[in-house]
Amino acid sequence: MRGELADSVPRRGLLALYDEALPCVYGYLRTRCGEQPLAGDLTAETVLAAVDAVRRPNPPPMDVPWLIGVARHKLVDHWRRAEREERGLRAVGETPPAQDRWAEHLDALQARATLERLGPHHKAALTLRYLDDLPVPRVAALLGRSVYATEALLVRARAAFRRAYEESASGDSRLGDASGTTDTSGREAGRD
Amino acid sequence: MTDPLDVLRTPVVPVDPDPAFAARLRARFERALNVPKGVVVTQATIDRQAATTTEASVVS
């Protein structure tokens, strides 16, 4: 059994790659999924997916950037699952996107906290576009959407982000909940 | 004009997970390398215990 892999792939190199890549993969996921246990789960999924990939014919070049790419796919898969689970809970009505003109400077910490409060679809789009700094066509490919649909999603995501950011910044009493937990149910508007 | 959401940009910063989690996952990784061809290792269950204890310090 062991020989089947050892014949084609230097296993010592893979273990060295694991040691080198684990903090990068975990760090990537930890700063994007917000939950420590989830980051661990997705890291494990990434590592095992790498094993599957290396056992296929013509395996990809195994390096840290490739593993970050696998981790990104695992994160998108997670958001898809979360989106499906939340879909049933979503309010029917949608708030039309606010006009996408926004010139003010944002507080980085508050912006990250705001992102955490958004729904999975919006969080996915904004994370890939802004945290990962990917061009729209790459975001579209990762989300399995057309570029046009992705641009529209980003407009809605930005509008939802702006509303949430402004509400938290002003301590909007309409929320009636200083903890912000209200927003994670139906309050976050403009979802897809 | 810059995009205000550019403030979200986050480079990949290595973070060491809990050492026990890292060791468990490394052992799984080694075992997975040994399973026969044709077996898809990602169908194995994920260890939910994960990195729930202490995260090691950020390595920048």
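A: Start with Asp132(A) and Arg72(A), whose side chains meet in a salt bridge at 2.7 Å, N to O. Asp132(A) sits in the loop between helix 6 and helix 7 of chain A, while Arg72(A) is in helix 4 (residues 64-87) of chain A, so the pair ties together parts that are 60 residues apart in sequence. The term salt bridge here means a side-chain nitrogen of Lys or Arg within 4 Å of a carboxyl oxygen of Asp or Glu. Helices (H or I, at least four residues) and strands (E, at least two) are DSSP runs, numbered from the N terminus.

A word on the ground rules. This is a predicted model, where local features need pLDDT of at least 70, side-chain atom pairs count only at pLDDT 80 or more, and totals for chains, interfaces and linings use all residues; side-chain values use heavy atoms, with hydrogens and water left out. Residues are numbered from 1 along each chain as its sequence is written, with chains lettered from A and ligands numbered from 1 in the order in which they are written.

Back to the pair. Are these two residues buried or exposed? Both Asp132(A) and Arg72(A) are buried. Buried means under 20% relative accessible area, exposed means over 50%, and partly exposed lies in between (1.4 Å probe, protein chains only). Asp132(A) counts as buried because its relative accessible area is 12%.

Asp132(A) has another partner. Its side chain also meets that of Arg32(A) in a salt bridge, at 2.4 Å, N to O. This pair links distant parts of the chain: Arg32(A) is in helix 2 (residues 11-33) of chain A, and Asp132(A) is in the loop between helix 6 (120-131) and helix 7 (136-143), 100 residues apart. Arg32(A) is buried too, because its relative accessibility is 2%.

Why do such pairs form? Side chains of opposite charge can pair when their charged atoms come close. Over all chains, the structure holds 10 salt bridges. One of them joins Asp3(B) and Arg158(A), at 2.8 Å, N to O. Asp3(B) is partly exposed, with a relative accessible area of 21%. Arg158(A) counts as buried at 9%. Salt bridges also link Asp19(A), Arg26(B) and Glu30(B) in a network.

Stay with helix 8 of chain A. Helix 8 spans residues 147-170 and holds Ala157(A). Ala157(A) is buried, because its relative accessibility is 0%. What does Ala157(A) touch? Leaving out residues up to four places away in sequence, Ala157(A) touches Leu118(A), His122(A) and Leu126(A). A contact means heavy atoms within 4.5 Å.

Now step back to the whole of chain A. It has 8 helices and 0 strands. Of its 192 residues, 52% count as buried. Among contacts with a separation of 6 or more, 69% come from residues 24 or more positions apart.

The structure holds 4 cavities of 30 Å³ or more. On a 1 Å grid over the protein atoms alone, a cavity is a set of points where a 1.4 Å probe fits but cannot get out, and lining residues have an atom within 4 Å of a point. Grid points are joined across faces, edges and corners, and a volume is the space filled by probe spheres set on the points. The largest cavity has about 90 Å³ of space. Its lining includes Leu14(A), Tyr18(A), Val47(A), Met62(A) and Phe29(B). The elements that give two or more residues to this lining are helix 2 and helix 3 (36-55) of chain A. Helix 2 of chain A gives the most, with 6 residues. Arg32(A), one partner of Asp132(A), lies in helix 2 as well.

Conventions:
1 Å grid on protein atoms, 1.4 Å probe; cavity = no way out; pocket = protein on both sides within 12 Å on 5 of 7 lines; lining within 4 Å.
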